[in-house]
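Hi,

Here is the structure I said I would pass on. Have a look at it first, and then read on for what turned up.

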Amino acid sequence: MILLVTGGAGFIGSCFVRHILKKHPDYKIFNIDALTYCGNLENLNDLRNNSNHKFIHGNICDKKLIKELAAESDCIINFAAESHVDNSIKNPEIFIETNIQGTLNLLQAAKEFKIDRFLQVSTDEVYGTLGKNGYFYETTPLAPNSPYSASKAGADMIVRAYYETYKLPTLNTRCSNNYGPYQYPEKLIPFFISLLLKGEKVPVYGDGLNVRDWLYVYDHCEAIDMVLHKGRIGEVYNIGGHNEKTNLEITKLILEAMGKDAGSIKYVEDRLGHDRRYAISNDKITNELGWRPSVTFEEGIKLTINWYLDNQDWIKSIEKKKAGLK
Ligand SMILES: NC(=O)c1ccc[n+]([C@@H]2O[C@H](COP(=O)([O-])OP(=O)(O)OC[C@H]3O[C@@H](n4cnc5c(N)ncnc54)[C@H](O)[C@@H]3O)[C@@H](O)[C@H]2O)c1
């Protein structure tokens, strides 16, 4: 089996590539990534000598390249995206280009070369925001609130259209917030750890009571693997671990693990259009496919914080790149 994985030098994509090569040692992977500011070949260091892994530096909007790769592949799994909400508020255009146009380009190639499965990796953010109660189900209407989530929702709708119109064998996953090793330090957990390591305060948006549902990245990758192999074609699968935490709760856990107290928090003006609460029902994937998270939140967050503390060179190397020193 040959998989074309896009965005495989990013946080979740690199975990997925590693996970697949370990679990299915006979599979081959074409890993295409544009290496934008958050794509990082260091995330793939341990796969350098793996002959089943081929990295290609390229863009999912490049029609010719995508056709060449699709022609050789059995399945496409699309992780490549602009993924940071704050950036989408400042500069939405690139989100539309990569997340929508790029996905369309992949779908066209998938159709032309009669790909066996096309799996679109999406997010619970496409559903919008919740009040105090309730969950996002696969049947919840899409109501994205940020340019990022709107671009992901747009891509999901095109994926749906390719299934309905052309009978392309598509699958669509929508996962809650991920945490774990190799996450670019612009996202809450690695960002806060990197600031605390430099003795700086951590900026908490608004009152800090926005709720996110957290899942360990390896559990997300295992869920995608299951959907790819056993999911029903044309279906959407929500992925989440029922770990709802406020941003303040996450912040306090990090402070505690790093021997700091609430004095290291600075409250900052809330993000524009900040969704209040996300919580996702995982009934469908657990009942249909038997997926279950393998680690509890308490275990996962401990593993994660320890990984960043043990891999400070990884953070430093990114900070050097950011500062233009490399
Ligand atoms: N991080 C989360 O909590 C989360 C939750 C649910 C879903 N997702 C989805 O999972 C996917 C991966 O997210 P992530 O957190 O790993 O993001 P990330 O930003 O760490 O990785 C994205 C990768 O895509 C690459 N990329 C960007 N534009 C590209 C292009 N035009 N062509 C080729 N490669 C390109 C980047 O270089 C990077 O390596 C995204 O589609 C995201 O929407 C993320």
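Before the sheets, one term: two strands pair if DSSP finds at least two bridges between them. The strands themselves, like the helices, are DSSP runs numbered from the N terminus, with at least two residues (E) for a strand and at least four (H or I) for a helix. With that in hand, strand β9 (residues 211-216) and β11 run antiparallel, joined by three bridges. In that pairing, Val211 stands opposite Thr246 of β11.

Two notes on where this comes from. It is a predicted model, in which local features need pLDDT of at least 70 and side-chain atom pairs count only at pLDDT 80 or more, while totals for chains, interfaces and linings use all residues. Residues are numbered from 1 along each chain as its sequence is written.

**The two sheets**

β9 and β11 belong to an open sheet of three strands, ordered β7-β9-β11, with mixed pairing. Its edge strands are β7 and β11, each of which pairs on one side only. From one strand to the next, the twist averages 50 degrees. (Axes here are lines fitted to C-alpha atoms, for helices over the stretch in contact, and angles run from 0 to 180 degrees between N-to-C directions.)

The other open sheet has seven strands in the order β3-β2-β1-β4-β5-β6-β10, and the pairing is parallel. At the edges are β3 (53-57) and β10 (236-239), each pairing on one side only. The twist in this sheet averages 20 degrees from one strand to the next. As background, strands of a sheet pair through backbone hydrogen bonds, either parallel or antiparallel.

- β1 and β4 run parallel and are joined by four bridges; Thr6 has Asn78 in β4 as its bridge partner.
- β4 also pairs with β5 in the parallel sense, again over four bridges, and there Ile76 stands opposite Phe118 in β5.
- β6 (residues 170-175) and β10 are parallel too, with four bridges between them; Arg174 has Asn238 in β10 as its bridge partner.

Helix α4 lies across β1 (2-6), β4 (75-78) and β5, and runs at about 175 degrees to β4.

**Around the ligand**

The ligand has 31 residues around it, and the closest are Gly7, Gly10, Phe11, Gly39 and Ala81. The largest share, three residues, comes from α1. By type, the shell has 15 nonpolar, 13 polar and three charged residues. (Nonpolar covers Ala, Val, Leu, Ile, Met, Phe, Trp, Tyr, Cys and Pro; charged covers Asp, Glu, Lys and Arg; the others, Gly among them, are polar.)

**Helix α8**

In α8 (residues 247-257), the buried residues are Ile250, Thr251 and Ile254. Seen down the helix axis, they fall within an arc of 100 degrees, so they line one face of α8. That arc is taken from the directions from the helix axis to the C-beta atoms. Their cover includes α6 (188-197), β8 (202-205), β11 (244-246), β12 (265-268) and α10 (297-310), where contact means C-beta atoms, placed from the backbone, within 7 Å. After α8 comes Gly259, with a positive phi near 65 degrees.

**Two loop residues to check**

Most residues other than glycine have a negative phi. Tyr182 is not a glycine, yet its phi is positive at about 70 degrees. Tyr182 sits in the loop between β7 and α6, and counts as buried because it has 22 C-beta neighbours inside 10 Å. His242, also not a glycine, has a positive phi of about 55 degrees. You will find His242 in the loop between β10 and β11, where it counts as partly exposed, with 15 C-beta neighbours inside 10 Å.

Best wishes

Note on methods
Near = placed C-beta within 6 Å. Contact = placed C-beta atoms within 7 Å. Buried ≥ 20, exposed ≤ 12 C-beta atoms within 10 Å, placed from the backbone.
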